[in-house]
Amino acid sequence: MRTSPLRLLRRPLTAALAAAGAVALLVSGFIATPTSAAEAGCRVDYTVNQWAGGYTAQVKVTNLGAAVNGWRLTWTHADGQRVTSAWNATVTQTGASVVAVNADWNGSLATGGAAEFGVQGTWSSANPAPTDFALNGVGCGKTGTTPPPSTPPPTTPPPTTPPPSAGCGSAVVCSGFEDQTGTTPSGAWQFTAPDCQGTGTATVDTSVAHSGSRSLRIDGRAGYCNHAFVASTANLSSVGPVMYVRMWVRHTTALPAAHVTFVSMPDSSQGGRALRVGGQNGALQWNRETDDATLPAQSPAGVAQSRPLPTGSWQCLRFAIDTTAPKLDTWLGDEQIPGLHADGVPTQDIDQQWLARTTPPRPTALRLGWESYGTGDDTLWFDDVAVGSAPIAC
């Protein structure tokens with residue numbers, strides 16, 4: 001069986017999530033006769049979220065021995081589980097044996113120091129926790145007992161690598177709309193209807209804000225080609241090679257089954273047509289105007305690997321758009337959304353259609369608002385918007 005590195009998070013959640021299992025396992029041990037740099041032992045916290053046929057596991061390894069500069073954690077999946085992807089470590093599997101090796105930035109572990117990474121995988125008959133973890137060749141002891149399955153709590157995978165920086169002061173766009181003096185967007189933000197204008201409106205709101213005293217409010221209306229956007233006047237043509245976008249968004253109505261858009265970015269690689277973020281079939285999606293390709297594919301399995309946009313509360317939405325390759329990532333808070341991830345390698349129900357076009361995107365501007373293609377009113381607020389060439393935290 002071929003061994004291949006697995007670096008990327010793909011963590012599907014199905015409609016049967018309510019029946020998913022959450023397992024928290026603590027593995028600890030002390031080695032009586034030291035034989036490696038992890039000489040006094042190690043501890044592994046292995047927390048699982050599982051559903052029918054699939055799972056993700058958050059793994060925290062704590063070094064209880066002498067400091068190490070580079071770590072290698074091994075374990076065995078004895079019941080046929082297969083690791084399919086990973087984040088914050090390079091993970092390979094040969095037969096039942098799994099090896100996780102540190103990333104460049106998390107390889108040094110002082111005594112008591114810990115590193116965290118995650119894996120995604122599949123299972124068929126059973127998904128017991130590993131019982132034979134070893135750090136740099138030294139066993140970590142036995143696992144605890146797996147508690148009965150229960151509904152999993154929300155999970156928070158690690159942020160990007162390297163972690164995003166706080167604030168957005170050096171970003172090309174860094175706006176909380178506090179510079180707006182009236183109710184009509186002005187200055188660095190201008191109302192626009194890219195293709196056709198309907199009854200939607202855009203205002204500066206002083207009654208609802210994520211921070212400060214102002215936000216951008218969009219009253220989006222249903223009906224084909226009913227566009228209402230506010231565009232940043234900043235030229236984003238030179239932002240990159242990876243463009244990072246962060247915004248806080250709050251909306252009132254669940255994303256509809258029909259296609260809608262609330263972020264539209266003119267894309268020079270499409271002759272000015274838009275790279276769009278919105279929703280369809282009740283979940284977040286990317287859409288490319290040139291060929292109407294979607295990410296994820298709008299199959300039931302594809303949609304299940306996206307997420308709805310929660311209503312009635314502020315949500316941090318982040319994108320990373322590679323302008324040198326047809327790759328992008330999307331996070332809701334610190335959760336990387338597997339269905340909104342394209343890494344250049346086609347994945348069933350995710351990005352085969354998206355990768356049919358190999359020209360990298362080159363967004364030149366940012367527009368926030370609402371575009372309906374049939375049904376779907378919504379009222380949205382945007383605040384604390386940033387665009388730059390480095391990761392930007394929530």
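A disulfide is a pair of cysteine sulfur atoms within 2.5 Å. The exercises below use a predicted model, in which local features need pLDDT of at least 70, side-chain atom pairs count only at pLDDT 80 or more, and totals for chains, interfaces and linings use all residues. Residues are numbered from 1 along each chain as its sequence is written, and side-chain values use heavy atoms, with hydrogens and water left out.

**Exercise 1. Disulfides**

Task: State how many disulfides a search of the whole structure finds, and describe the link of cysteine 42 and cysteine 140.

Solution: 
1. The search finds three disulfides.
2. In the pair of cysteine 42 and cysteine 140, the sulfur atoms are 1.8 Å apart.
3. The angle about this S-S bond is -105°, and the link is left-handed.
4. Cysteine 42 belongs to strand 2 (residues 42–51), whereas cysteine 140 sits in the loop between strand 12 and strand 13 (173–175); the two are 98 residues apart. Strands here are DSSP runs of E with at least two residues, numbered from the N terminus.
5. Buried means under 20% relative accessible area, exposed over 50%, and partly exposed in between (1.4 Å probe, protein chains only). Cysteine 42 has 0% relative accessibility and therefore counts as buried; cysteine 140, also at 0%, is buried too.

**Exercise 2. The other two links**

Task: Find the handedness of the disulfide of cysteine 168 and cysteine 174 and of the one joining cysteine 316 to cysteine 394.

Solution: 
1. Cysteine 168 and cysteine 174 have their sulfur atoms 2.1 Å apart. The torsion about their S-S bond is about 70°, so this disulfide is right-handed.
2. Cysteine 168 is buried at 13% relative accessible area, while cysteine 174 is partly exposed at 41%.
3. The S to S distance between cysteine 316 and cysteine 394 is 2.1 Å. Here the torsion is about -90°, so the disulfide is left-handed.
4. Cysteine 316 lies in strand 23 (residues 315–322) and cysteine 394 in the segment after strand 27 (378–388), so the link ties together parts 78 residues apart in sequence.
5. Cysteine 316 is buried at 3% relative accessibility, and cysteine 394 is partly exposed at 39%.

**Exercise 3. Around strand 21**

Task: Describe the pairing of strand 21 (residues 283–288) with strand 20 and strand 22.

Solution: 
1. Six of the six residues of strand 21 are buried.
2. Strand 20 (residues 274–280) pairs with strand 21 in the antiparallel sense over six bridges; glycine 279 stands opposite leucine 284.
3. Their hairpin has two residues between the strands, and asparagine 281 in the turn has a positive phi of about 55°.
4. Strand 22 (residues 293–295) is antiparallel to strand 21, with three bridges. This hairpin has four residues between its strands, and aspartate 292 takes a positive phi near 60°.

How values were computed:
Two strands pair if DSSP finds at least two bridges between them.
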